[in-house]
Each structure stands twice: as C-alpha cells, then as structure tokens.
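Please read the points below with the model open beside you. Each one picks out a place to look at.

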Amino acid sequence: MNVFRILGDVSHLLAIIILLMKILKSKSCAGISGKSQILFALVFTTRYLDLFTTFISVYNTVMKVIFLICAYVTVYMIYVKFRKTFDSENDSFRLEFLLVPVTGLSFLENHSFTALEILWTFSIYLESVAILPQLFMISKTGEAETITTHYLFFLGLYRALYIANWVWRYYTENFYDQIAVVSGVVQTIFYCDFFYLYVTKVLKGKKLSLPMPV
C-alpha cells in the first residue's frame with residue numbers, strides 16, 4: 001500500500017458515491033449510461049471472485065464488498081427503480097463490440113491459464129473500455145450534467161493515481177504487471193480529452209459537450 005493506491009481507491013469510491021447520490025437526489029438516471037454500469041458490475045464480479053478463496057487484508061475485503069454492492073445497487077436503480085427516467089435511446093453503444101474482443105484477449109494474453117486468472121484478466125481489460133458507452137452517450141446527446149462530469153472526473157483521476165501507484169511500486173518494490181499497466185494507460189487515454197474539457201468548461205461553470213467518433 002502507498003499513498004497513490006489509497007488516494008486512487010478514495011477517488012474511485014467518491015466517483016461511485018457521487019453517481020449514487022445524483023440518482024437518489026434527483027430520482028432520475030437521465031444522462032447515465034446503464035450499459036457502462038453493467039460493464040462495471042461485470043468488472044467487479046469477475047475481479048473479486050477471490051473474496052471466496054483469498055484473504056489479503058480487512059481493507060482489501062471491505063473495499064471489494066463496497067464496490068460490488070454499489071455497482072449492483074446502481075444497476076438496480078437504473079433498470080428497475082428509476083427505469084422510466086433511463087434514456088435507452090441514447091444509451092445505444094453495442095456492448096458486443098467490447099465484450100467479444102476483451103473475452104478473446106483475456107484467453108490469449110494472461111498470467112496463467114486458470115479460470116480465476118482468466119476472469120481477473122478479463123476484468124482488467126474490460127475496465128479499460130467500460131466507460132466508452134458513457135462517453136458515447138454524451139457525444140450523442142451533446143452535453144452532460146455537471147454532477148455526471150464530476151463522476152467521470154473522479155473515475156478518471158482514480159486511474160491516473162493508479163498509474164502513479166504502479167510507477168511507485170516499480171521503483172520501490174521492483175514490481176511490474178504489464179497487463180494492469182497497459183490496460184490502465186489505455187483507460188486513462190480515453191479520459192484525456194474529457195479532463196481538458198472538464199478543466200476548461202465545467203470548472204468555469206459551462207456545460208460540457210464531448211464529441212467522440214466511434
């Protein structure tokens with residue numbers, strides 16, 4: 001554990017809390033991609049199967065359980081509790097374009113050919129692209145609510161801090177996980193344009209639009 005890892009986890013948790021509070025306060029999931037949230041729930045489910053086999057620390061276990069619960073609560077609120085406010089017309093990204101190549105890559109490039117390892121690898125690859133349906137939705141509608149942009153900012157900040165965590169671990173522990181690092185860098189790249197717009201527009205009180213060719 002190091003300060004970058006802890007701050008990354010805090011940023012990730014804060015992003016999820018912001019999203020949940022937005023939905024609960026407004027009683028609406030307008031502007032939120034249900035498909036991205038399904039992918040994130042799938043990410044946590046396949047990554048945290050080791051909850052049943054390995055104990056690392058209380059902190060690790062608690063954070064995993066929180067992320068799992070929050071992910072499924074979010075999906076429930078979008079598709080069940082507040083389904084009438086869900087913008088299914090604009091949440092139209094085809095998930096098979098992500099799931100098929102990610103599944104294939106997880107079988108081809110992994111640390112060991114075991115069920116848990118392949119599922120963990122799948123979760124790493126999937127997380128790197130899980131935000132694309134949300135970004136695609138913003139590009140279709142032409143704008144995003146301020147609170148949604150705050151969610152995306154902290155989600156992107158979480159990945160950026162994890163890159164710093166990997167750099168720290170490389171120099172202090174001589175630890176390097178190519179799959180996690182490359183996937184994390186790819187995911188952070190998707191946020192670069194958003195970070196620029198967030199600083200130049202959202203922080204100045206303007207609405208954010210995010211054109212993104214797909």
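**Notes on the predicted model**

1. Tyrosine 176 is in the loop between H7 and H8. Helices here are DSSP runs of H or I with at least four residues, and strands are runs of E with at least two, numbered from the N terminus. This is a predicted model, in which local features need pLDDT of at least 70 and side-chain atom pairs count only at pLDDT 80 or more, while totals for chains, interfaces and linings use all residues. Residues are numbered from 1 along each chain as its sequence is written, and side-chain values use heavy atoms, with hydrogens and water left out.

2. Tyr176 belongs to a nonpolar patch on the surface, together with Val167, Tyr170, Tyr171, Val182 and Val186. Their accessible area together is about 620 Å² (Shrake-Rupley method, 1.4 Å probe; for residues, only the protein chains shown count as cover). A patch is made of residues with over 30% relative accessible area and no salt bridge; nonpolar side chains (Val, Leu, Ile, Met, Phe, Trp, Tyr) are joined within 5 Å, and like charges within 9 Å. A salt bridge is a side-chain nitrogen of Lys or Arg within 4 Å of a carboxyl oxygen of Asp or Glu.

3. Which elements give two or more residues to the nonpolar patch? They are helix H7 (146-173) and helix H8 (178-200). H7 supplies the largest share, three residues.

4. The model has 11 aromatic pairs. Rings of Phe, Tyr and Trp (its six-membered ring) pair if their centres lie within 6.5 Å; planes under 30 degrees apart are stacked, over 60 edge-to-face, and the rest tilted. Tyrosine 170 and tyrosine 171 form an edge-to-face pair, with 5.3 Å centre to centre and 85° between the planes. Elsewhere, ring pairs link Phe44, Tyr48 and Phe67 into a cluster.

5. Are tyrosine 170 and tyrosine 171 buried, partly exposed or exposed? Buried means under 20% relative accessible area, exposed over 50%, and partly exposed in between (1.4 Å probe, protein chains only). Tyrosine 170 has 41%, so it is partly exposed; tyrosine 171 has 67%, so it is exposed.

6. Asparagine 174 is also in the loop between H7 and H8. Its phi is positive, about 55°, although it is not a glycine. Its relative accessible area is 63%, so it counts as exposed. Lysine 27, in the loop between H1 and H2, likewise has a positive phi, near 55°, and is a residue other than glycine. Lysine 27 is exposed because its relative accessibility is 56%.

7. Serine 33 lies in the loop between helix H1 (3-26) and helix H2 (34-47). It is buried because its relative accessibility is 0%. Its side chain reaches the backbone nitrogen of serine 36 at 3.1 Å. Serine 33 also touches Asp91, Pro133, Gln134 and Met137, leaving out residues up to four places away in sequence. Contact means heavy atoms within 4.5 Å.

8. Serine 128 is in helix H5 (residues 115-129). With 6% relative accessibility, serine 128 counts as buried. Beyond four places in sequence, serine 128 touches Ser183, Gln187 and Phe190.

9. Isoleucine 147 lies in helix H7 and is partly exposed, with a relative accessible area of 33%. Isoleucine 147 and methionine 21 are 126 residues apart in sequence, and their C-alpha atoms are 9.5 Å apart in space. Neighbours within four places in sequence aside, isoleucine 147 is in contact with Ile18 and Lys22.

Note on methods: A polar contact is a pair of N or O atoms within 3.5 Å; within protein, one must be able to donate a hydrogen and the other to accept it, and residues adjacent in sequence count only if both atoms are side-chain atoms.
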